[in-house]
Amino acid sequence: MHYALRDYLLTSGYTNIYCDFMPDVSKQLEAINLSKWDHTVADINDGSGLAYIQIQVRRSTAQEAYRVCSELFQKLDSGTEERIINLTDEKFCVARPRRGAIILERGGGYTTYYCEIALWGDN
């Protein structure tokens, strides 16, 4: 699911997006990492599942990292009406934000924020 999310964000204009990998800051300063940290399936398997994704956003300033992370957090919210988000032509999901932008790391010339979302859709 997080690879489909990557495609969705790329077509939405975001760049330097990785799955389960944050490049070394010396090689790629600005980056977004999508890490699946858990995946659950109901006892009655109907072909759907819930993927928990941590989104890490690294930028040259804390303000920019926070802005982009918060923007993604809000973008990936299906709302109370459970609006379907078409990630690709074949993959869709209902997205629920779980934890807003929180600082993860500060270094010389960069800051990383992260947020967490849950994506329900095809397994």
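In this predicted model, strand E4 is joined by 2 bridges to strand E5, residues 92-107, and the two run antiparallel. Within this pairing, Asn-86 stands opposite Phe-92 of E5.

Helices accompany the strands. Helix H1, formed by residues 2-11, packs on the sheet and touches E1, E2, E3, E4 and E6. The direction of H1 makes about 175° with that of E1. Helix H2, comprising residues 62-75, likewise packs on the sheet, where its contacts are with E2, E3, E4, E5 and E6. The direction of H2 makes about 10° with that of E6.

The arrangement of the strands may now be considered as a whole. Strands of a sheet pair through backbone hydrogen bonds, in either a parallel or an antiparallel manner. Here the sheet is open and contains 6 strands in the order E1-E2-E3-E6-E5-E4, with mixed pairing. Its edge strands are E1 (17-19) and E4 (85-86), each of which pairs on one side only.

Strand E3, residues 48-59, has pairings with two strands of this order, E2 and E6. Strand E2, residues 31-40, pairs with E3 in the antiparallel sense over 9 bridges, and Ser-35 has Gln-54 of E3 as its bridge partner. The pairing of E3 with strand E6, residues 110-122, is also antiparallel and extends over 12 bridges; there, Ser-48 has Asp-122 of E6 as its bridge partner.

How many of the 12 residues of E3 are buried? The strand is mostly covered, with 11 of them buried.

Conventions
Residues are numbered from 1 along each chain as its sequence is written. This is a predicted model: local features need pLDDT of at least 70, side-chain atom pairs count only at pLDDT 80 or more; totals for chains, interfaces and linings use all residues. Side-chain values use heavy atoms; hydrogens and water are left out. Buried means under 20% relative accessible area, exposed over 50%, partly exposed in between (1.4 Å probe, protein chains only). Helices (H or I, at least four residues) and strands (E, at least two) are DSSP runs, numbered from the N terminus. Two strands pair if DSSP finds at least two bridges between them. Contact means heavy atoms within 4.5 Å. Axes are lines fitted to C-alpha atoms, for helices over the stretch in contact, and angles run from 0 to 180 degrees between N-to-C directions.
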